[in-house]
Amino acid sequence: MIQKTSRHHLVMTILAFAVMLPLFCQTNARADGILFHDKPATNWEKEALPLGNGRLGCMVLGGVEEERIQFNVDSLWTGDENLPGDYQAPGMGLYQNFGNLYLALNAKGPATKYRRELNISRAVCRVAYQQDGTEFVRETFCSYPDQVMVSRMTANAKGRYSGHIRLAGAHGEKTSAGSNRLTFAGTLTNGLEYEAQVLVVVEGGKVQPEGDTLVFSGCDSLTVTLAAGTSYVMDYARKWQGEHPHALVTRQADMAAKQSYQKLLTAHVEDHQSLYNRVAIDFGKTEDAQLALPIDRRLEAIRAGKADPDLDELLFQYGRYLLIACSRPGSLPANLQGLWNDRNNPPWHADYHSNINVQMNYWLAESANLAECHRPLFDLLTASLVPFRKATKLAYGDKIRGFTIRTSHNPFGGMGWKWNIPASAWYAQHFWEHYAFGRDKKYLETVAYPYLKEVCQYWEDHLKTLPDGRLVAPNGWSPEHGPTEDGVSYDQQIIWDLFSNTIEAAEELGVDEDYRKKLSAMRDKLVGPKIGKWGQLQEWMVDRDDPKDQHRHISHMFAVYPGRQISLSKTPELARAAAVSLDARGVGTVVGWANAWKTALWARLLDAENAYAYYHKEVSANAYPNLWNGCWPGRVFQIDGNFGITAGAIEMLLQSHAGEIHLLPALPKAWATGSVKGLRARGGFEVDMQWKAGKLSAATIRSEKGNVCRLHTSVPVAVRNRGKTIATNEIEKGIITFPTEEAQEYSIVREDVEPAPEEPATGSAPESARKNLKLPGLVVNFQKRCVDVESSICLDEGMLELIACTKGSKEHESIVAIEARPMHLHTALLLLGAKSGNPAMRQPVDEEGTRWIDVPPKGSPVDVYLVFKNREGKMVEHPIGDFVGRTENGADQQPVADGNGADDDNEFPHTFLFAGSLLRGNGPGPRKYLSDLSGNVISIATFGDELLCLPGVSGHDNGSLMWQVDATELPKVGSKVTLRLRPQVQPAPKLAK
């Protein structure tokens with residue numbers, strides 16, 4: 001029996017359930033999005049787990065007797081502007097280790113059931129084990145909203161935490177201890193000041209200073225907050241130096257320590273998922289037994305030939321996770337190691353390498369829907385213009401305009417090693433790509449175009465004219481390979497790309513018409529790609545390529561990817577020559593970033609199986625047990641391979657560089673059936689796709705700017721918007737164009753197959769009904785994709801299906817369906833049912849009365865179903881139950897007249913919370929909108945194999961009822977899930993038109 005309850009008690013019960021969800025998720029979730037180990041890390045580089053908020057990062061090793069958390073701040077650098085360019089000079093500088101936090105525990109004895117995991121969908125690292133009959137749990141994360149690292153230690157018994165905490169700087173600093181605070185500070189040789197602080201809050205015990213440590217004893221739990229910073233500011237005019245970080249670090253630590261752990265965690269997860277959840281991917285299902293293995297053993301199984309599509313998905317999302325963690329607005333861009341470094345003399349200084357590595361770090365930013373994470377690169381490059389110009393004039397003379405860059409640079413505008421003369425032009429491509437995807441003209445005018453134009457001016461002054469009138473870059477070098485000479489293909493291709501992008505930028509802005517003509521003439525005179533004597537794409541003007549050369553750098557392939565000068569559709573002979581060269585390079589030395597580049601190159605050449613071979617190689621040959629990329633197998637961590645492999649996978653699924661959106665251009669057999677959501681295409685589009693047996697099943701394209709969409713598919717399709725078929729123009733076989741409106745969504749439907757009969761039907765209501773369909777207690781605004789119930793609750797992720805039927809028919813069909821993905825917990829859909837005073841069950845949804853919506857009459861019980869394809873591909877209509885309200889004595893309770901929460905004691909409207917976002921809501925604080933709910937609530941949350949429900953919230957003190965279905969009857973991950981409400985009694989009366 002469900003007890004009558006007040007709104008307050010109801011909300012408290014739901015919130016209590018919400019607090020339990022993260023813990024439940026840890027123990028019952030599938031391995032999707034989780035990388036776990038069954039032992040502590042002994043090797044920082046290969047086994048520790050990375051966390052970061054862009055600026056502050058840490059590595060969790062997960063020891064039992066002593067936990068070590070190594071941490072970094074992105075701006076802790078030695079060096080200066082280093083005008084002479086000596087790579088070994090002190091001015092070049094090195095990225096520094098900040099320090100370590102050690103938590104020594106007094107508990108003794110062997111640890112069992114050990115698990116150390118990184119949940120990349122939540123950006124939380126969790127360590128759990130049993131010792132001496134007690135279960136210990138540690139959770140750690142780096143918060144972007146609060147700019148601190150937080151580590152929480154709990155146990156299932158009271159008073160079990162005793163030990164000490166030590167904060168150790170990496171430069172011999174002296175640590176001071178206060179009542180519950182540890183602090184150290186220092187100054188580097190270049191004058192950069194820095195400081196770190198740790199605050200410890202204990203429950204059920206005590207903490208006190210002892211020497212340079214904090215000793216805690218008899219504690220039920222501890223929350224450790226770490227804040228750290230430097231005096232670095234991204235401002236050359238201030239000599240890169242700001243205020244001492246003490247005040248800021250103290251404020252960050254104090255403010256975070258005043259908040260509850262749950263509040264800090266909720267803010268962190270919501271912030272992370274606002275970026276991470278934009279993209280979902282499904283490449284298939286790994287066997288459960290393999291999913292249950294620690295990541296190192298899964299890697300061993302792959303190397304032994306075992307398929308693991310879930311690990312392919314994990315590697316894909318891991319690149320996105322790492323970019324979120326090490327490149328956020330306000331931070332420095334990702335360096336050779338992203339953000340993480342445990343040495344004061346790291347490989348290659350952990351600097352910014354301009355001949356492939358930094359660029360590869362950001363190849364995924366736009367297409368993987370992380371455009372904000374691209375901004376730190378633009379910020380540093382524009383802040384460094386003055387020292388870049390000074391160094392360029394020092395090397396090339398005072399008369400030369402613009403600037404270029406050496407192979408390496410630091411965060412002070414300092415450069416070192418060999419001049420990489422097209423580097424600034426390659427960077428310019430990133431400025432243009434940010435506009436090409438997002439179409440922000442203000443950004444183009446104020447940030448991108450000035451940068452592009454200045455780099456073009458450098459090449460106006462620097463290009464050399466050959467006797468036949470053609471233009472070449474003098475004294476070039478094909479990194480890191482071959483002689484220094486004129487007309488190197490790498491230089492020529494990047495300059496062509498620069499001129500093309502700058503011309504288009506000026507056209508978009510409607511400026512510099514004469515300058516556009518000048519650049520066009522110069523571009524046409526550039527020495528272009530050439531085909532050599534064995535059919536290869538030449539790396540140099542001279543035809544000297546060695547067919548046995550397997551050098552790791554493939555710089556003469558820039559025109560294929562990330563450039564757009566060579567493609568199978570527009571330059572087929574050059575594309576075939578590129579394939580010859582790429583094939584000749586072979587596997588060679590297995591370099592992680594080279595595997596990633598080859599994945600993208602083969603995808604651009606539409607060779608799916610070769611592209612996948614290199615994607616798979618990144619896992620089978622280069623991935624460490626923490627999935628970091630080994631530049632060479634087993635040695636030298638370099639993060640570019642992680643970013644590049646995600647970008648390469650996207651090129652296999654979606655391409656847009658050739659002026660068209662190409663769906664599934666290089667889909668490999670290993671991913672024959674699957675789906676992806678949220679990828680971005682140039683032109684201001686976002687794309688979802690589902691495919692089966694290697695062919696597109698359906699797609700959705702969201703237009704952000706209302707541009708004409710040019711679409712390339714391998715199957716015939718129709719385009720629909722708001723229930724209408726949109727007229728398309730087939731400009732050539734397989735390529736259509738159609739107009740779009742800003743903020744509208746377009747369904748791409750295959751025309752060559754009939755819909756499967758067991759699929760939920762998809763119908764459409766007339767325009768008048770679709771624009772603003774009103775039901776009792778419910779307003780659906782299709783144009784804004786919102787459900788308005790008292791206040792507006794936007795559909796973040798989720799699927800609402802309104803069931804309608806043709807007059808006189810018992811067949812149901814959907815008026816609107818918005819896709820849901822079961823792997824996403826924090827999706828929101830609020831659906832309020834009928835109010836009293838409206839006895840009619842069927843309501844017309846158009847003026848003609850030809851379509852109707854089922855609305856339960858007053859007091860009618862409602863059957864609730866989830867409709868989905870299960871793991872075996874069979875359609876399932878799973879009953880959730882009868883959710884009519886009941887009073888304490890079990891009698892049916894009628895819904896009140898208004899149904900809006902006005903009466904706490906006698907209110908049971910039909911209220912459903914589907915895939916409820918228990919940790920996110922409207923208003924100034926989380927869960928605000930939950931206070932408007934009362935009566936019967938069904939909360940459905942999916943965690944991979946487990947489906948939880950709250951079937952009528954109980955007012956009992958023991959909290960909410962939980963209901964569990966058999967794992968075989970769960971939705972396939974990534975499939976559409978429909979919530980269907982059906983009255984138990986069909987209506988007798990027919991309504992007039």
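**Close-up views of a predicted model**

Among contacts in the chain between residues at least 6 apart in sequence, 67% join residues at least 24 apart, where contact means heavy atoms within 4.5 Å. This is a predicted model, in which local features need pLDDT of at least 70 and side-chain atom pairs count only at pLDDT 80 or more, while totals for chains, interfaces and linings use all residues. Residues are numbered from 1 along each chain as its sequence is written, and side-chain values use heavy atoms, with hydrogens and water left out.

View 1. The chain has 20 helices and 53 strands; helices (H or I, at least four residues) and strands (E, at least two) are DSSP runs, numbered from the N terminus. Of the 993 residues in the chain, 61% are buried, a term that stands for under 20% relative accessible area, with exposed meaning over 50% and partly exposed in between (1.4 Å probe, protein chains only). The chain exposes about 36000 Å², and carbon and sulfur atoms supply 50% of that area, as computed by the Shrake-Rupley method with a 1.4 Å probe, only the protein chains shown counting as cover for residues.

**View 2. The largest nonpolar core and M689.** A nonpolar core is a set of buried Ala, Val, Leu, Ile, Met, Phe, Trp, Tyr and Cys residues joined through side-chain atoms within 4.5 Å. In the largest one, which holds 211 residues, W459, L653 and M689 touch the most other members. Helix α7 (residues 309-326) gives the most to this core, with 11 residues. Leaving aside neighbours within four places in sequence, M689 is in contact with residues including L653, L654, L663 and L664, as well as S675 and V676. Another core, of 13 residues, lies apart from the largest one, and among its members are F141, A227, Y261 and V269.

**View 3. Helix α14 and the residue that follows.** Helix α14 (residues 489-509) has 21 residues, which at 1.5 Å a residue should span 30 Å, and its end C-alpha atoms are 30 Å apart, in agreement with that value; the expected span is taken as 1.5 Å times one less than the number of residues. Because 16 of the 21 residues of α14 are buried, this helix is largely enclosed by the rest of the structure. Just after α14, G510 takes a positive phi of about 70°.

**View 4. Loops with backbone exceptions.** Most residues other than glycine have a negative phi, and most peptide bonds are trans. N369, in the loop between α9 (364-367) and α10 (375-383), has a positive phi near 65° and is buried, with a relative accessible area of 7%. L627, placed in the loop between α18 (608-622) and β25 (630-632), has a positive phi near 70° and is likewise buried, at 1%. The peptide bond from P479 to E480 is cis, with omega near -20°, and E480 belongs to the loop between β23 (476-478) and β24 (481-485). A cis bond also runs from Y561 to P562, with omega near 10°, where P562 sits in the loop between α15 (513-525) and α16 (572-585).

View 5. The structure holds zero disulfides, a disulfide being a pair of cysteine sulfur atoms within 2.5 Å. For C125, the nearest cysteine sulfur is that of C58, 7.9 Å away. C125 counts as buried at 1% relative accessibility, and C456 is buried with a relative accessible area of 0%.
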